[in-house]
Amino acid sequence: MMTLPIYVQGAWFLGALLFIFGLKGMSSPATARRGIVVAGYGMLVAVAGTFLVPGLQNLALMLVALVLGGAGAWISGQRVKMTDMPQMVAIYNGMGGGAAAGIAAVEFARGGSHHTITVVLAVIGALIGAVSFTGSCVAWAKLQGVLKKAYRLPAQNAVNVVLALAAVALGVAMVVSAPARPELVVGFFALALLLGLVVTLPIGGADMPVVISLFNAFTGLAVGFEGYVLGNPALIIAGIVVGAAGTLLTQLMAKAMNRPLSNILFTPMVAAGSGEAISGTMKEVGPIDAAAMMRYAAKVIIVPGYGMAVAHAQHKVWEMTELLEEAGVEVKFAIHPVAGRMPGHMNVLLAEAGVPYDKIFDLDEINGEFGQADVALIIGANDVVNPTARTDKSSPIYGMPILNADQAQNVIVIKRGKGTGYSGVENALFYTDNCRMLYGDAQPMAAEIIQHLKTMG
Amino acid sequence: MDGMLALYIFMLAAFTGYEIIAKVPVILHTPLMSGSNFIHGVVVVGAMIALGGAETVVEQAIGFFAVALGAANAAGGYVVTERMLGMFKKKEGA
């Protein structure tokens with residue numbers, strides 16, 4: 001590492017410091033907003049300082065790249081709808097992974113260092129960065145609906161293992177023969193990029209949040225390792241902090257879904273057709289009856305799911321809630337840890353609609369209360385209230401903690417059609433005696449219920 | 001950089017990341033994932049250094065893409081995180 005002027009070092013140090021303060025701030029609702037702003041200043045300081053590195057070439061090219069990438073992402077980030085947030089996070093994350101792999105590629109192309117540790121870390125960083133890049137692109141495509149189904153190769157796990165071993169073998173060859181021949185480097189990157197694609201393609205949409213979080217941790221680690229290669233402590237600190245935080249976050253999410261990470265990666269959920277057949281019929285209800293059931297209830301628990309978000313019904317649902325509360329009904333929201341497409345995604349969507357925190361409850365907090373509820377209103381949620389997860393060992397979602405909506409006196413389900421949930425599993429709840437189906441888009445249905453509630457006064 | 005010194009940095013940074021996340025409410029998981037996504041956008045600094053030392057056309061091309069991708073990671077990560085957290089802020093004031 002060349003010795004850099006103190007103002008460059010100082011800028012990077014300040015950047016790293018502000019990142020940690022920012023992340024700390026983001027870990028509590030009260031200070032979260034300030035946290036991201038603080039981290040934002042850290043980024044500006046670190047980037048500005050980098051321009052002062054002596055002997056920096058290609059400045060014009062650099063400015064064009066910064067403006068192109070930065071402005072493009074800034075505008076798309078401003079425009080994206082809250083419901084589409086998870087795939088946006090995925091794609092930005094993938095870009096970071098790609099950048100980390102790119103740093104390694106430039107180093108290899110230059111012939112870079114011959115120092116073993118440096119080459120090892122450059123190779124590892126390049127491998128996980130490249131996997132994160134293509135994997136995140138697949139995750140984006142799936143959540144965006146570009147890729148509709150999971151593609152599963154025959155002997156998928158064997159293919160994954162062989163590809164991973166081949167990539168690692170080429171990586172080892174690069175370390176041993178450093179500086180590596182160009183063909184070797186190109187082959188290594190091709191394999192690493194392919195690995196990200198092949199590993200992610202068979203993973204179902206329901207598992208995608210965990211995968212995005214995992215790739216987020218991957219990118220962090222890749223950035224940290226490339227930071228070592230460049231001798232830049234700010235990159236090491238920011239990258240490793242995110243790597244560690246992301247790993248923990250991934251574990252928390254996997255735990256909430258009761259899907260060990262190894263299951264998500266190696267035994268993807270089998271779609272539809274599995275699990276026991278369910279007997280019985282679904283019973284329909286109209287909006288007027290649904291309104292009456294809730295109006296004359298003492299306690300209603302609303303279980304919102306991704307379907308509510310897609311229908312942009314959260315504002316109507318909140319209006320309906322306010323009417324019910326005026327009529328003296330106690331209303332609470334029950335949020336499953338994986339409701340929406342990422343943990344906490346539903347909280348964000350409800351916050352957008354103006355629902356206060358103190359009406360929103362986690363699974364652990366509210367599950368005991370369903371027994372005392374007169375009505376559980378399920379809006380666009382499916383798998384997270386499927387009692388099959390408790391009982392049917394053959395079901396792909398067996399063991400996932402669910403909201404005990406089936407224990408409420410009455411269950412009303414607002415749903416667009418008779419289809420299955422994201423996991424492709426039939427929902428036994430819909431066939432129970434105390435369950436009524438209200439077919440239709442969540443937004444017009446909520447609007448109709450509001451009309452009826454108003455006439456009931 | 002001194003290999004051992006870097007190892008210490010790795011260790012301390014890993015602890016820092018772990019501790020910061022350990023006590024976070026579920027409600028903040030999505031913004032936090034997004035926020036940490038923004039922070040590893042600092043990769044743009046590394047990409048700038050790589051491009052800054054690039055000499056051949058191939059190196060320049062890869063470096064250019066790395067900087068553009070890194071800048072997109074940082075800018076996009078910031079905007080979406082800020083938007084999400086902004087909604088929480090509004091709520092508290094109400």
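Select Lys299(A), Glu330(A), Lys332(A) and Glu369(A) to begin: these four side chains are linked in a network of salt bridges, a salt bridge being a side-chain nitrogen of Lys or Arg within 4 Å of a carboxyl oxygen of Asp or Glu. Over all chains, the count by this rule comes to 10 salt bridges.

A word on the model before moving on: it is predicted, with local features needing pLDDT of at least 70 and side-chain atom pairs counting only at pLDDT 80 or more, while totals for chains, interfaces and linings use all residues. Residues are numbered from 1 along each chain as its sequence is written, chains are lettered from A and ligands numbered from 1 in the order in which they are written, and side-chain values use heavy atoms, leaving out hydrogens and water.

Next, pick Glu325(A) and Lys359(A), whose side chains meet in a salt bridge at 3.0 Å, N to O. Glu325(A) sits in helix H13 (residues 314–326) and Lys359(A) in the loop between helix H14 (345–353) and strand S3 (360–362), so the pair ties together parts that are 34 residues apart in sequence. Helices (H or I, at least four residues) and strands (E, at least two) are DSSP runs, numbered from the N terminus. With a relative accessible area of 27%, Glu325(A) is partly exposed; here buried means under 20% relative accessible area, exposed over 50%, and partly exposed in between (1.4 Å probe, protein chains only).

Then go to Glu107(A) and Arg110(A), another salt bridge, at 3.8 Å from N to O. Glu107(A) is buried, at 14%, whereas Arg110(A) is partly exposed, at 41%.

**Helix H14 of chain A**

Now colour H14(A) by accessibility. Of its 9 residues, 8 are buried, so this helix is largely enclosed by the rest of the structure. The buried set runs through His345(A), Met346(A), Asn347(A), Val348(A), Leu349(A), Leu350(A) and Ala351(A), and also includes Ala353(A). Step on to Gly354(A), which follows H14(A) and has a positive phi, near 95°.

**Thr200(A)**

Centre the view on Thr200(A), in helix H7 (residues 182–200) of chain A. Its relative accessibility is 0%, so Thr200(A) counts as buried. What surrounds it? Leaving aside neighbours within four places in sequence, Thr200(A) is in contact (heavy atoms within 4.5 Å) with Gly135(A), Val138(A), Ala139(A), Lys142(A), Met208(A), Val211(A) and Phe215(A).

**Where chain B meets chain A**

Finally, show both chains together. Here 76 residues of chain B are in contact with 99 residues of chain A. The two chains bury about 8,000 Å² between them, 80% of it on carbon and sulfur atoms; buried area is the accessible area (1.4 Å probe) that two parts lose on being put together, summed over both.

How many salt bridges are there between chain B and chain A? The count is 1, and you can find it at Arg33(A) and Glu82(B), where the closest N and O atoms are 2.5 Å apart. Arg33(A) lies in helix H2 (residues 32–50) of chain A and Glu82(B) in helix H4 of chain B, so the pair joins two chains. Arg33(A) is partly exposed at 27% relative accessibility, while Glu82(B) is buried at 19%.

Helices H1 (3–22), H2 (29–39), H3 (43–52) and H4 (57–93) of chain B each supply at least two residues of the side that touches chain A. H4(B) gives the most, with 31 residues.
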